[in-house]
Amino acid sequence: MVRGMRSSSDVEYSAVGEGLGMREFWLYVWLRRLAVVAAHIISLGLVILTSILSRPGTSLFSWHPVCMSLGFCLCMTEGILLFSAEGSPFCFKSRKWKVRLHWFFQALLLVCGATGFGFMVASKNIKEHPHFTSWHSLLGVATMAATVLQAICGVFLLFPKLISTHSFPRLRLYHATCGLVAYLLATVTVVSAMFTDWFQASVTDTIWYIFLLLPLFPALVVMNQITSAFLPKKKITS
């Protein structure tokens with residue numbers, strides 16, 4: 001090889017925390033791991049707390065918040081965080097295995113979302129209440145539509161023979177970007193649910209503000225994971 005020229009193997013990509021000292025780097029890594037673990041706990045906690053508040057089985061509507069929290073707070077979060085190398089219980093599995101598990105969570109999300117949507121419509125039909133009159137309901141419809149479109153996009157990634165080879169990397173980027181948009185829409189929808197009459201009648205005072213902040217933390221972790229994985233990384237040439 002000619003002196004002064006470098007092979008492709010000599011070009012490396014900077015790691016997370018580039019420019020930090022060793023001590024600061026490991027502190028940064030552990031903080032990221034703690035954040036991912038906290039996101040897992042908060043997502044599960046939201047489902048449990050919502051189930052306690054709604055008391056499923058007491059009415060048709062009581063199943064709506066349970067199904068939606070299970071789908072969008074837990075399944076959607078876990079379906080993304082399982083690709084994290086920090087704090088994920090599946091970090092030692094192969095990517096192929098993670099993709100299959102990701103699809104399982106996404107399929108369960110669609111089932112929970114459709115079921116919760118059905119309970120809400122049935123409850124309003126029985127009470128003869130109008131549909132889609134609040135910001136929460138409109139955001140919910142937008143979130144469901146974004147989630148379905150995201151799943152369709154994922155089908156093309158799962159079966160790459162359906163698309164041209166050169167479109168695959170771009171489609172992966174679109175899939176990740178649209179997934180982030182769908183997740184943020186879901187987070188806004190969950191937050192808007194806390195302004196509904198049902199929720200404010202069940203939770204008041206300081207506890208309400210705690211509930212309001214809880215969904216934001218997993219959203220920040222998911223946003224950081226997706227942007228860190230797909231933003232261009234700085235090359236190191238020495």
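Modeller: A helix axis here is a line fitted to C-alpha atoms over the stretch in contact, and the angle between two axes is taken between their N-to-C directions, from 0 to 180 degrees. Two packed helices are described by the angle between their axes and the distance between the axes. In this predicted model, the axes of α2 (residues 63-81) and α4 (residues 135-158) come within 14 Å and cross at roughly 45°.

Biologist: Are α2 and α4 oblique or roughly parallel?

Modeller: Angles under 35 degrees count as roughly parallel and 65 to 115 as roughly perpendicular, and α2 and α4 are therefore oblique to each other. The crossing of α2 past α4 is left-handed.

Biologist: Which residues in α2 and α4 meet?

Modeller: From α2, H64, F72 and M76 contribute, and they meet H136, T143, M144 and T147 of α4. By class, this contact of α2 with α4 has three nonpolar, four polar and no charged residues.

Biologist: Where do the backbone angles look out of place?

Modeller: Most residues other than glycine have a negative phi. R55, although not a glycine, has a positive phi of about 50°, and R55 sits in the loop between α1 (22-54) and α2. E128, likewise not a glycine, has a positive phi of about 60° and lies in the loop between α3 (95-127) and α4.

Biologist: Is R55 buried or exposed, and is E128 buried or exposed?

Modeller: Exposed means over 50% relative accessible area; R55 is exposed at 56%, and E128 is exposed at 70%.

Note on methods: Residues numbered from 1 in each chain as written. Predicted model: local features only at pLDDT ≥ 70, side-chain atom pairs only at ≥ 80, totals over all residues. Heavy atoms only, no water. Helix = DSSP H or I, 4+ residues; strand = E, 2+ residues; numbered from the N terminus. Parallel < 35°, antiparallel > 145°, perpendicular 65-115°, else oblique. Left-handed = near helix turned anticlockwise from the far one by under 90°. Contact = heavy atoms within 4.5 Å. Nonpolar A, V, L, I, M, F, W, Y, C, P; charged D, E, K, R; others polar. Buried < 20%, exposed > 50% of the residue type's maximum accessible area, 1.4 Å probe, protein only.
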